Amino acid sequence: MTTRRLAVDADARDLAAAEHLVHRLDEVLGAGQAEDAYVISTHVVRVPTGRFVAVLDWPDGPAVEELTALLSDQLPQAYVTPDSPAIDEAAARSAGRLARYPGRTGIETVTTVAAVEADSVVDAVEGLAGISLEPGDTLDLTGFARPVWREGRCVLLVQRSAVGLVPFEMRHQIPCCSDH
């Protein structure tokens with residue numbers, strides 16, 4: 001299997017802009033693609049300015065040159081390159097958050113820890129702040145689950161909320177200190 005990776009930099013300065021870039025990539029790549037046709041992860045790149053860069057990881061997909069031409073044509077405001085520190089992170093699975101990945105749509109529901117680990121690319125579900133998890137624990141991932149690459153593994157971080165266990169990263173973030 002040959003994996004092709006490209007970085008797409010559209011100067012996304014926050015998570016909302018990073019999500020918008022992911023949606024644009026979906027539109028360009030075609031809505032008819034199988035869910036596991038490609039992986040998109042977003043990575044923080046700090047030089048020359050801090051921003052999110054999307055990495056498209058397409059096993060056995062089109063040639064890098066073909067993808068580069070397609071993305072450059074359809075996303076003229078973006079810089080598309082096969083050479084980026086974000087690609088190195090994705091390849092090493094050392095950093096980045098996954099926005100598109102095998103099994104995503106199947107787990108973005110009310111499910112269990114065991115089901116997430118069995119039915120998706122997620123290797124482990126981990127609780128924050130010392131929360132211990134059991135395989136049968138219920139998770140509410142309805143419509144949004146963004147695991148991260150960490151130490152070669154795909155890890156979904158969860159936290160307690162008023163409704164039970166939910167993803168650490170929520171679709172609509174509340175800025176820190178927003179109430180004062």
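1. Arg-93 is found in the loop between helix H3 (85-92) and strand E5 (97-100). In this predicted model, Arg-93 has a positive phi of about 55° although it is not a glycine. Its relative accessible area is 35%, so Arg-93 is partly exposed.

2. A second residue other than glycine with a positive phi is Asp-11, whose value is near 60°. Asp-11 belongs to strand E1. With a relative accessible area of 39%, Asp-11 is partly exposed.

3. The peptide bond that joins Val-47 and Pro-48 is cis, with omega at about 0°. Pro-48 is located in the loop between E2 and E3.

4. The count of aromatic pairs comes to one. The ring centres of Tyr-38 and Trp-58 are 5.2 Å apart and the ring planes stand at 35°, so the pair is classed as tilted; stacked would require planes under 30 degrees apart, and edge-to-face over 60. Tyr-38 lies in the loop between helix H1 (15-29) and strand E2 (39-45), while Trp-58 lies in strand E3 (residues 51-59), so the pair ties together parts that are 20 residues apart in sequence. Tyr-38 and Trp-58 are both buried.

5. H1 packs with helix H2 (residues 64-74) at an angle of about 115°, and the two axes are 10 Å apart. The crossing of H1 and H2 is right-handed. On the H1 side, Arg-24, Leu-25, Val-28 and Leu-29 take part, and they meet Leu-67, Leu-70, Leu-71 and Gln-74 of H2. By class, this contact consists of six nonpolar residues, one polar and one charged.

6. Which residues of the largest nonpolar core touch the most other members? They are Val-8, Leu-25, Leu-56 and Leu-71, in a core of 19 residues. Strand E1 (3-12), H1, E3 and H2 are the elements that give two or more residues to this core, and H1 gives the most, with five.

7. Leaving aside residues up to four places away in sequence, Val-8 touches Leu-21, Leu-25, Val-53, Ala-54, Leu-71, Leu-75, Ala-78, Tyr-79 and Val-80. Another core, of 18 residues, lies apart from the largest one; Tyr-101, Val-116, Cys-154 and Val-158 are among its members. As a general background, nonpolar side chains in soluble globular proteins tend to be buried together.

Methods:
Residues are numbered from 1 along each chain as its sequence is written. This is a predicted model: local features need pLDDT of at least 70, side-chain atom pairs count only at pLDDT 80 or more; totals for chains, interfaces and linings use all residues. Side-chain values use heavy atoms; hydrogens and water are left out. Rings of Phe, Tyr and Trp (its six-membered ring) pair if their centres lie within 6.5 Å; planes under 30 degrees apart count as stacked, over 60 as edge-to-face and the rest as tilted. Helices (H or I, at least four residues) and strands (E, at least two) are DSSP runs, numbered from the N terminus. Buried means under 20% relative accessible area, exposed over 50%, partly exposed in between (1.4 Å probe, protein chains only). Axes are lines fitted to C-alpha atoms, for helices over the stretch in contact, and angles run from 0 to 180 degrees between N-to-C directions. A crossing is left-handed if the near helix is turned anticlockwise from the far one by less than a right angle, and right-handed if clockwise. Contact means heavy atoms within 4.5 Å. Ala, Val, Leu, Ile, Met, Phe, Trp, Tyr, Cys and Pro count as nonpolar, Asp, Glu, Lys and Arg as charged, and the others, Gly among them, as polar. A nonpolar core is a set of buried Ala, Val, Leu, Ile, Met, Phe, Trp, Tyr and Cys residues joined through side-chain atoms within 4.5 Å.
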